[in-house]
Structure formats: structure tokens, C-alpha cells
Amino acid sequence: MSAPEPPTRTDIPGDRIQPAAGAKPRRSAFDALGFRATITQLRDEICALYTADNVPWIVGYSGGKDSTATLQLIWTAIAELPAERRHKTVYVISTDTLVENPIVSAWVGNSVKRMRAATDEQGMPLQARMLTPKLQDRFWVNLIGRGYPAPRHKFRWCTERLKIAPSNDFIQSVVSANGSTIIALGVRKAESARRAATMRKHEKGRERDRLSPNASLPGSLIYSPIEDWSNDDVWFYLMQTPNPWGHDNRDLLGMYAGASADGECPLVVDNSTPSCGDSRFGCWVCTLVEQDRSMAAMIRNDDEKDWMMPLLDLRNALDFRNGPKDAKGRSQTDRHLRDFRRMSGAVQLMKDGRIIPGPYTQEARGAWLKKLLAAQTHIRRRGPASVRDIELIGLEDLQEIRRIWVIEKHELEDTLPSLYREATGEPYPGRPLDDNLMIGAKEMDDLRALCGDDRLHYEMTRDLLSLTRQQRNTARRAGLNKRIEQLIRRSFYDDPDDAIDRVQRLGAKRKGLTAEQAEAGPDQRRSVAAEATPDPASSDTPTMPKRDGL
């Protein structure tokens with residue numbers, strides 16, 4: 001799909017948009033001084049801030065229009081300085097969540113490569129860094145490995161791990177080495193009323209002109225050079241100003257156009273015209289939104305991008321909103337895929353008596369892995385040459401998932417290699433696990449046959465066997481009895497209905513004791529309270545989970 005024609009202005013001497021006859025014009029940051037004078041003023045401001053001290057800068061770059069405009073302004077301003085005045089480093093950081101929209105991910109990756117080449121050629125003091133989440137924080141490690149359910153607004157476990165932590169860790173390292181840093185971001189008040197309110201609040205605490213305090217990261221100040229720009233201002237600037245690291249901003253406009261519902265990025269001159277800037281890119285697995293409109297539009301607007309359809313299908317399958325309803329017509333979300341126990345093994349009920357579901361079951365996690373690997377294999381074999389090496393999940397992630405399943409979750413079946421073979425048609429390329437931790441497939445089949453349909457009995461026996469093998473070669477026994485007790489109490493129920501019954505009976509017992517306490521005297525009340533206090537290790541006690549609401 002070719003890029004749309006770039007926007008132009010008919011009154012270049014005044015650098016102001018002329019609205020259509022009778023239409024109300026949109027406010028522009030260029031209204032007061034005009035386009036050229038506004039850009040010159042911003043570049044002068046950037047140069048003054050840059051040369052004022054030795055504090056290093058960090059520029060956040062996502063590959064979108066706002067961060068591109070911000071980086072262009074800073075790059076072109078510093079480029080105008082004599083070489084001897086380019087005295088401090090500007091770090092350009094991009095965070096790859098490893099589940100980014102593949103089109104955007106490729107765009108950002110190519111941009112970073114071009115930046116590195118251009119900085120050497122131009123003698124610029126910029127360092128482009130690509131950041132990724134720690135292995136234990138990655139999306140598939142947590143969803144498929146640990147069983148975290150697909151993110152939702154009441155359990156948004158992904159943002160901190162995938163986006164915030166990698167950049168914050170880097171920023172803190174710069175602050176530790178230099179004492180402070182200035183972070184340049186492409187945030188704008190026009191993005192939303194909430195964003196505008198937050199930015200105005202931080203403006204009140206400014207210690208220096210245009211530098212706002214960062215409450216979450218001590219030692220850093222926020223600089224937002226395009227904070228008063230509109231979407232149209234951003235696009236006009238990008239179309240009128242060459243990209244200094246060699247990328248074509250028309251291609252960026254085309255990418256946004258491809259992600260818009262009608263495939264167009266019109267020149268916006270009044271309130272009746274939609275802006276191309278409303279397109280949103282993010283993680284292709286995101287279930288915080290009801291639909292991934294940008295990916296759907298890319299597929300619909302460009303036949304060459306239909307290879308992304310397996311990704312959209314998998315994202316929709318992950319979406320908890322698509323789950324079945326129960327007999328009373330209530331949404332079951334994804335509870336049919338989740339364990340009746342929380343991650344801690346506790347059983348908790350909602351006010352209506354339904355179980356609060358825990359992590360994905362072993363079967364559901366295996367199914368998600370097969371679907372993911374099947375999508376990756378399909379794209380590699382049938383997609384265009386540019387995506388034949390696409391990696392939706394890396395070998396390092398697969399190895400960590402396998403370790404979590406076998407070591408942490410005691411799933412001695414070690415199903416990951418066979419699931420990989422079934423989904424890809426190829427042998428699993430990862431290194432083998434320690435044989436001392438494993439039990440043969442025949443022995444596991446025998447155990448399953450002995451337990452019959454009693455899944456919980458099977459899990460308890462398997463988990464205890466796993467713990468025994470883990471402890472076999474270690475002399476340390478501290479806490480072993482407690483771990484054994486926890487495994488037994490996790491699976492001693494007959495079935496989920498038995499777990500519900502036990503929790504309900506315990507609740508009723510507590511209410512009765514509470515009433516007795518209310519009628520007792522002080523001495524008697526202490527005695528009753530002691531009797532009423534349940535054993536905190538009891539599996540009947542619905543203890544609050546210690547991590548992430550699971």
C-alpha cells in the first residue's frame with residue numbers, strides 16, 4: 001500500500017492552515033508565530049537546555065508520530081551546535097515488549113539501525129538502545145508458563161513488566177551513574193483530557209523552565225517539547241521536515257493510514273475531519289481493549305498483510321470477553337480455562353457463591369502454547385519473505401516455560417517438547433532438563449491409570465513425587481515439611497464442588513462464632529476468639545493471594 005499524499009499548506013508565508021469555508025478551524029501550536037518561527041524557537045530552547053549543564057538526556061522513542069517528532073526536533077537542534085558543544089550523551093531508548101505489532105516492531109528495529117549508522121556518520125552524541133523485559137517478566141513466560149490470565153483492567157499485570165520496568169531500570173542506571181537525567185517524551189495535552197490534567201499538575205512543580213518533576217523516578221526531570229501540539233501539527237512538521245536519520249516520514253504516514261478504519265490519513269482542516277493520529281499501535285496480544293482495530297484495519301486495507309490473520313485470531317481467542325455464559329446467562333469470561341484454586345492453592349468465593357478463578361489450567365496453558373507455535377509456523381511457511389524469520393516466542397522463553405512447568409508447578413509430564421513437535425512438525429531444539437528431576441513417560445502413564453478419573457489425587461501424588469526428586473540431591477531440608485503440607489492441602493478436595501462446600505461451611509461457622517463473640521463478656525470474648533481463629537495453613541482458609549491477584 002503506497003503512502004498517502006503528504007499534507008500541504010497553501011499559505012506558507014504565514015504558516016497557518018486556512019479552514020474550509022464556514023468551518024471552524026482547529027487550534028494549532030503554530031498559530032501565534034507561524035510554523036517556521038515556532039520550530040526555530042523550539043530548537044533554540046533545546047540547544048539552551050542541552051548546553052546548560054552536563055546532565056545526560058534520555059529520549060523515549062516508540063516509532064510513532066509523537067516520539068518521532070520529538071526526536072527529530074532534538075536531533076536537528078543538536079546537529080546545529082558546533083562539534084565541541086555536543087558535549088553530553090543523548091540516549092534514545094525503545095522498549096520492545098516482544099509482543100509488539102510485527103509491522104511496528106520491524107519499523108522501530110530498522111529505525112534504530114539507521115540511527116546508529118547516522119550518528120556515526122554525522123558525529124552526533126546519540127546512543128540508540130533497544131530494551132527488552134527480563135526473562136521472568138515476559139508475556140508468554142507469565143501467561144503460558146505461570147498461567148496468568150489474559151490481562152484485563154482489574155488485573156493489568158502486563159504494563160509494569162513489559163513496558164515500565166525495562167525503561168525505568170535503564171533510567172535508574174543513568175541516574176545512579178550521573179546523579180540526574182532529563183527525559184524527553186513526545187507526550188501531548190491533546191491526547192486526552194486525563195493526560196492534559198496530569199501534565200498541568202506536574203507543570204506546577206517545575207523547578208526549571210519546561211522541565212517537570214518525575215515523582216516516580218527521583219533524579220529525573222521530564223521535558224515535553226511538543227506538549228501543546230495537535231495531531232495535525234505533528235503530521236505537518238513530519239511532512240515538512242526531513243528525517244535526520246534517513247527514514248522516510250511518508251512511510252510512517254502510510255503505516256498510520258493502513259491502521260485507520262478507512263485506510264486514509266486526510267489533511268485535517270476542521271472539526272468534521274477525523275485525524276490520522278487517532279490510530280493506536282501496541283502489543284498484538286492486548287486484551288485491555290475490546291478489539292485490535294489497528295491490526296484488523298491493516299489486514300483489511302492491504303492484501304499483503306493477510307499473513308497477520310493468525311495473530312488476530314489468537315488475540316481474539318485470548319480475549320476473556322469471548323468466553324461462554326453459564327446456565328443463568330452470566331458471563332463466564334475465561335473461567336472455564338482456569339483452575340478453581342488461586343496460585344497459592346487457596347479457594348475463594350464471590351458474593352454470589354461462584355469460585356474466584358485462579359491461573360490457567362495445565363491443559364489450557366498447553367493449548368495456548370500450541371496455538372502460538374502453530375501461528376508462528378504458519379507465518380514462517382506461508383507469509384512473505386520479509387516475515388519468514390518471525391519469532392513470536394523465543395527459545396529462551398520456551399526453556400523458561402518448560403522449567404516453570406516441571407520445577408515450579410511439578411508437572412513431571414514435561415509436555416513442552418511434544419507440544420512443540422505437534423505444532424511445528426520439528427523436534428524441540430532446546431537443551432534437555434536434568435534427568436534426576438524427571439520420571440519416565442511410562443511411569444507417569446501408570447500413575448494416571450492408577451488414579452483413574454480422580455484428577456486431584458493424581459496431581460497430589462505427582463507433585464509429591466516431584467518434590468521428592470528435587471530434594472534427593474540436596475542436604476538442605478529447611479521448610480520441607482511445610483512444602484509437603486502445602487501440596488497435600490492444595491489437592492485434598494474431592495472436586496471443585498467439595499472445595500466450595502468446605503469454604504461455605506467455614507464461612508457459616510465464622511459467622512456463628514462472631515455472633516457468640518458479640519454476646520460474650522471481655523474474658524469470654526478472648527476465649528471465643530482464640531477458638532474461632534482458623535489455622536492459617538488450613539486449605540479451608542481462603543487466604544488472600546500474595547502475588548498479582550492469583
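How many bridges join strand E5 (residues 211–213) to E6, and in which sense do the two strands run? The legends below take up this pairing and several other close-up views of the structure, which is a predicted model.

**Figure 1. The hairpin of E5 and E6.** Strand E5 (residues 211–213) and strand E6 are joined by 3 bridges and run antiparallel, with Leu 211 standing opposite Tyr 223 of E6. The two strands form a hairpin with 6 residues between them, and in the turn Gly 219 has a positive phi of about 90°. E6 itself spans residues 220–223 and is covered on both faces: Ser 220 and Ile 222 are buried on one side, while Leu 221 and Tyr 223 are buried on the other. In a regular strand the side chains alternate between the two faces of the sheet.

**Figure 2. Packing of helix H10 against helix H11.** Two packed helices are described by the angle between their axes and the distance between the axes. For H10 (residues 309–318) and H11 (residues 362–382), the axes come within 9 Å and cross at roughly 165°, which means that H10 is roughly antiparallel to H11. The crossing of H10 and H11 is left-handed. On the H10 side the contact is made by Pro 310, Leu 311, Leu 314, Ala 317 and Leu 318, and on the H11 side by Trp 368, Lys 371, Leu 372, Ala 375, His 378 and Ile 379. By residue class, this contact of H10 with H11 divides into 9 nonpolar residues, 1 polar and 1 charged.

**Figure 3. Packing of helix H11 against helix H13.** H11 also packs against H13 (residues 416–424), at an angle of about 35° and with the two axes 8 Å apart; the crossing of H11 and H13 is right-handed. From H11, the residues Gly 366, Leu 369, Lys 370, Leu 373, Ala 374, Thr 377 and Arg 381 meet Leu 416, Leu 419, Tyr 420, Glu 422, Ala 423 and Thr 424 of H13. The residues of this contact divide into 7 nonpolar, 3 polar and 3 charged. An α-helix has 3.6 residues a turn, so residues three or four places apart point the same way.

**Figure 4. Helix H4 and its surroundings.** Helix H4 (residues 139–146) is mostly covered, 8 of its 8 residues being buried: Phe 139, Trp 140, Val 141, Asn 142, Leu 143, Ile 144, Gly 145 and Arg 146. These buried residues pack against helix H5 (158–178), H10, H11 and helix H12 (395–408). H4 is followed by Gly 147, whose phi is positive, near 95°.

**Figure 5. Asn 231 in helix H7.** Asn 231 has its place in helix H7 (residues 231–240) and is buried, because its relative accessible area is 16%. The C-alpha atoms of Asn 231 and Asp 66 are separated by 8.5 Å, although the two residues are 165 residues apart along the chain.

**Figure 6. Leu 349 in the loop between H10 and H11.** Leu 349 lies in the loop between H10 and H11 and is partly exposed, with a relative accessible area of 23%. Leu 349 and Ile 500 are 151 residues apart in sequence and 7.6 Å apart in space, C-alpha to C-alpha. Residues up to four places away in sequence not being counted, Leu 349 touches Arg 354, Ile 355, Ile 356, Ile 500, Val 503 and Gln 504.

**Figure 7. The protein chain as a whole, for orientation.** The protein chain has 18 helices and 6 strands, and buried residues make up 49% of its 550 residues. Among contacts between residues at least 6 apart in sequence, 69% join residues at least 24 apart.

Conventions: Residues numbered from 1 in each chain as written. Predicted model: local features only at pLDDT ≥ 70, side-chain atom pairs only at ≥ 80, totals over all residues. Heavy atoms only, no water. Axes fitted to C-alpha atoms, helices over the stretch in contact; angles between N-to-C directions. Helix = DSSP H or I, 4+ residues; strand = E, 2+ residues; numbered from the N terminus. Parallel < 35°, antiparallel > 145°, perpendicular 65-115°, else oblique. Left-handed = near helix turned anticlockwise from the far one by under 90°. Contact = heavy atoms within 4.5 Å. Nonpolar A, V, L, I, M, F, W, Y, C, P; charged D, E, K, R; others polar. Buried < 20%, exposed > 50% of the residue type's maximum accessible area, 1.4 Å probe, protein only. Pairing = 2+ DSSP bridges.
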